[in-house]
Amino acid sequence: MRIIPAAVVVTALALCAAGCGDASGANGRERVVAAFYPLAFAAEQVGGARADVKNLTPPGGEPHDVELTPREVGDLQRADVVLYLSHGFQPAVEQAVEGAQGKRADALAGIGLRKGGGEESDKADPHVWLDPVLFARVVERVGAALGRPRRAEALARRVRALDGRYRSGLAHCAGRQFVTTHAAFGYLARRYRLHEVAITGIDPESEPSPQRLAELIGLVRREHLGTVFFERLVSPRLARTIARDAGAKARVLDPIEGLTEDEERQGADYFTLMRQNLAALREALRCR
């Protein structure tokens, strides 16, 4: 990940002050900058016509690695509200947020975070939006930042309804263990009494050793796991290699860190992707 040095941020601000013009917010709407898709989705739903929401992570972009242009730094710095995640999820965004003039809302504030495993034991897991109960709390925090608590509560109720669907859908399954590309599903697994086995860690770009890959192939064979999950925004190479060598199939389990351009065109959103994930888990775990 490339972290923008403080000097570059200062220079970017000076350039934007001279020539970037106003951040969005046409027609008097509140200017909201969101670090990545789940926060942008919540802001759009809660803010409605009053909010002009800019997502810093472009369609198809991997949010862990997002880099900011000088214009984007300027938009963030001058926004009325900035929605972001702390704990190193997007270092470039966190650094730029330090000089933001408007309201700053850390979506992870007040949530007890899981720690990573192994070499990542000092890292906090930020993937709370994949647990509907925790994401409902994030939605309420977005509502407080935007001054629209009633609209936030309406969205939070819809998110909590997903919890009911997941509880009933994953209650009676032949298996409880699944293999996925990176350790994004720990909160979901804990909520619904599943066990996630991740090929890589919290950082999806970490590279497992040949020994680790051999262990995972053995696990998939030994436990008769018919599916190895991959995701759309990072390379599926490792998941497909394990699936091929273990005689399993590879299928998408989406960490919902962003939409692809195709998903945007098809009208996908947080709810449709969460329902697709539930269907994929139910099939892989042989739920009834």
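Predicted model: local features only at pLDDT ≥ 70, side-chain atom pairs only at ≥ 80, totals over all residues.
At what angle do the axes of helix 5 and helix 6 cross?

**First stop: helix 5 and helix 6**

Select residues 132-146, which form helix 5, together with helix 6. The two axes cross at roughly 175 degrees and come within 8 Å. Angles over 145 degrees count as roughly antiparallel, and helix 5 is therefore roughly antiparallel to helix 6. Next, display the side chains where the two helices touch. On helix 5, the contact is made by Pro132, Val133, Phe135, Ala136, Val139, Glu140 and Gly143. Colouring the whole contact by class gives 11 nonpolar, 1 polar and 4 charged residues.

**Second stop: Val142**

Remain on helix 5 and select Val142, which lies in this helix. Is Val142 buried or exposed? Its relative accessibility is 3%, so Val142 counts as buried. Leaving aside residues up to four places away in sequence, Val142 touches Ala42, Ala43 and Leu83. Select Asp106 as well: Val142 and Asp106 are 36 residues apart along the chain, and their C-alpha atoms are separated by 9.1 Å.

**Third stop: the disulfide**

A disulfide is a covalent bond between the sulfur atoms of two cysteines. The count for this model comes to 1 disulfide. To find it, select Cys173 and Cys287, whose sulfur atoms are 1.9 Å apart. Cys173 is located in the loop between helix 6 (149-169) and strand 5 (177-182), whereas Cys287 belongs to the segment after helix 11 (270-285). The pair thus links distant parts of the chain, 114 residues apart. The torsion about the S-S bond of Cys173 and Cys287 is about 95 degrees, so the disulfide is right-handed. Cys173 counts as buried at 15% relative accessibility, and Cys287 counts as buried at 14%.

Finally, select residues 210-222 for helix 8 and residues 237-246 for helix 9. How far apart are the axes of helix 8 and helix 9? Their axes are 9 Å apart, and the helices pack at an angle of about 50 degrees. Helix 8 and helix 9 are therefore oblique to each other, and their crossing is right-handed. Helix 8 contributes Leu213, Leu216, Ile217, Val220 and Arg221 to the contact, while helix 9 contributes Leu238, Ile242, Asp245 and Ala246. By class, this contact of helix 8 with helix 9 has 7 nonpolar, no polar and 2 charged residues.

Technical notes:
Residues numbered from 1 in each chain as written. Heavy atoms only, no water. Axes fitted to C-alpha atoms, helices over the stretch in contact; angles between N-to-C directions. Helix = DSSP H or I, 4+ residues; strand = E, 2+ residues; numbered from the N terminus. Parallel < 35°, antiparallel > 145°, perpendicular 65-115°, else oblique. Left-handed = near helix turned anticlockwise from the far one by under 90°. Contact = heavy atoms within 4.5 Å. Nonpolar A, V, L, I, M, F, W, Y, C, P; charged D, E, K, R; others polar. Disulfide = S-S within 2.5 Å. Buried < 20%, exposed > 50% of the residue type's maximum accessible area, 1.4 Å probe, protein only.
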